[in-house]
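Subject: Structure handover

Hello,

Here is the structure you are taking over. Please keep it open while you read the notes that follow.

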Amino acid sequence: MTEIYGTMSIMVKLINKKNIDKIANIVFGILNTQKLFTHIIEIRNPMIKPCIYAMWHENQFCIYGINDRHHLNVLISNSTDGEIISRTVEKWGFRVVRGSSARKGCVSSTRQLISRLKKGECVALMIDGPRGPLHKVKGGVIKLAKETGAPIIPTHWYSAEKTFITLPSWDKMKTPLGNCNIINIYGDPIYVKPEDDEAEIIQKIKTSFKEIEKCAPEEFEKAKKLKLWKKRK
């Protein structure tokens, strides 16, 4: 896996407008191959529409486990490497909003996300992205919840298998390597009123993540005993 991501890292460095299509196709091919061996089941997804699936940057790949991807909007940066990610995500059936929570283009992307939530679609946000600090909740997710009334759904993925690895990146990103059974586990919906204190909401979000991270191993073992992955196949 180190070799695979090392190769991908080199490709990203070599990206320019002339070869971006080729690089995007190679990256999609690598990730699409892994897709065949990645088995994700959902635990406690409240299935609310619209909603804001909130996740730590390290768990960004868990969007693949959200079943209703055709109504799920993913915020991806306007950078060149973001273009590659965007093309891959779109090929998987997700909807994409280009922009950033920390750079130029923030206002435009926020408006797009608000519009899509008001249309009844869902949104996925990496709430400590795009560059950290790790596990620090940014205010964008709260702004969206206040503006639209859509609940925040803390989202986490977990696997006890050795093929679920942690990459040596700033966000300690988790990813499967080879055949891997995984659970997506969800926290209770967090509704935000316009007058609610931001600091209190941030604490609620962090508390919810601690709770679902704590119970994830037990839920994984339950799913294993019930052979839920085999039933899904």
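Predicted model: local features only at pLDDT ≥ 70, side-chain atom pairs only at ≥ 80, totals over all residues.

The chain as a whole

The protein chain has seven helices and nine strands. Of its 233 residues, 48% count as buried. Taking the contacts in the protein chain with a separation of 6 or more, 72% are between residues 24 or more positions apart.

The second largest pocket

The volume of the second largest pocket is about 190 Å³. Its lining is made up of 12 residues, and Thr38, His39, Ile40, Tyr64 and Arg232 are those that lie nearest the centre. Which elements supply at least two residues each to this lining? They are strand S1 (38–43) and helix H7 (228–232). S1 gives the largest share, with four residues.

The cavity

Rolling a probe the size of a water molecule over the atoms shows where empty space is left. In this structure there is one cavity of 30 Å³ or more. The volume of the largest cavity is about 90 Å³. Its lining consists of Glu42, Asn45, Met47, Ile48, Lys49, Tyr53, Ile66, Asn67, Asp68, Leu72 and Cys122. Sorted by class, that lining has six nonpolar, two polar and three charged residues.

Asparagine 184 is in strand S9 (residues 180–186). Is asparagine 184 buried or exposed? It counts as buried, because its relative accessibility is 0% and buried means under 20%. Not counting residues up to four places away in sequence, asparagine 184 touches Ile40, Ile41, Glu42, Ile43, Cys62, Gly65, Ile66, His156 and Trp157. One of these, cysteine 62, is 122 residues from asparagine 184 along the chain, yet the C-alpha atoms of the two are separated by 6.9 Å.

Glutamate 219 is in helix H6 (residues 198–225). Why does glutamate 219 count as buried? Its relative accessibility is 11%, and the limit for buried is under 20%. Leaving aside neighbours within four places in sequence, glutamate 219 is in contact with Ile43, Arg44, Ile183 and Ile185.

The loop between S1 and S2, and another loop

Arginine 44, one of the contacts of glutamate 219, lies in the loop between S1 and S2. Its phi is near 65°, which is a positive value in a residue other than glycine. Arginine 44 counts as partly exposed because its relative accessibility is 48%, and partly exposed is the range between buried, under 20%, and exposed, over 50%.

Proline 50 is also in the loop between S1 and strand S2 (52–55). The peptide bond that leads from lysine 49 to proline 50 is cis, and its omega is near -5°. Lysine 49 was named above in the lining of the largest cavity.

Lysine 172 is in the loop between strand S7 (164–166) and strand S8 (174–176).

Aromatic rings

The count of aromatic pairs comes to six. Phenylalanine 220 and tryptophan 229 form a tilted pair, with 5.2 Å from centre to centre and 50° between the planes. Both phenylalanine 220 and tryptophan 229 are buried. Together with Tyr158, Phe220 and Trp229 form one aromatic cluster.

A charged residue also sits over a ring: lysine 91 lies over the face of phenylalanine 28, at 4.7 Å from the ring centre.

That is the end of the notes.

Regards

Technical notes:
Residues numbered from 1 in each chain as written. Heavy atoms only, no water. Buried < 20%, exposed > 50% of the residue type's maximum accessible area, 1.4 Å probe, protein only. Contact = heavy atoms within 4.5 Å. Phe/Tyr/Trp six-rings, centres within 6.5 Å; stacked < 30°, edge-to-face > 60°. Lys NZ or Arg CZ within 6 Å of the ring centre and 35° of its normal. 1 Å grid on protein atoms, 1.4 Å probe; cavity = no way out; pocket = protein on both sides within 12 Å on 5 of 7 lines; lining within 4 Å. Points joined across faces, edges and corners; volume = space filled by probe spheres on them. Nonpolar A, V, L, I, M, F, W, Y, C, P; charged D, E, K, R; others polar.
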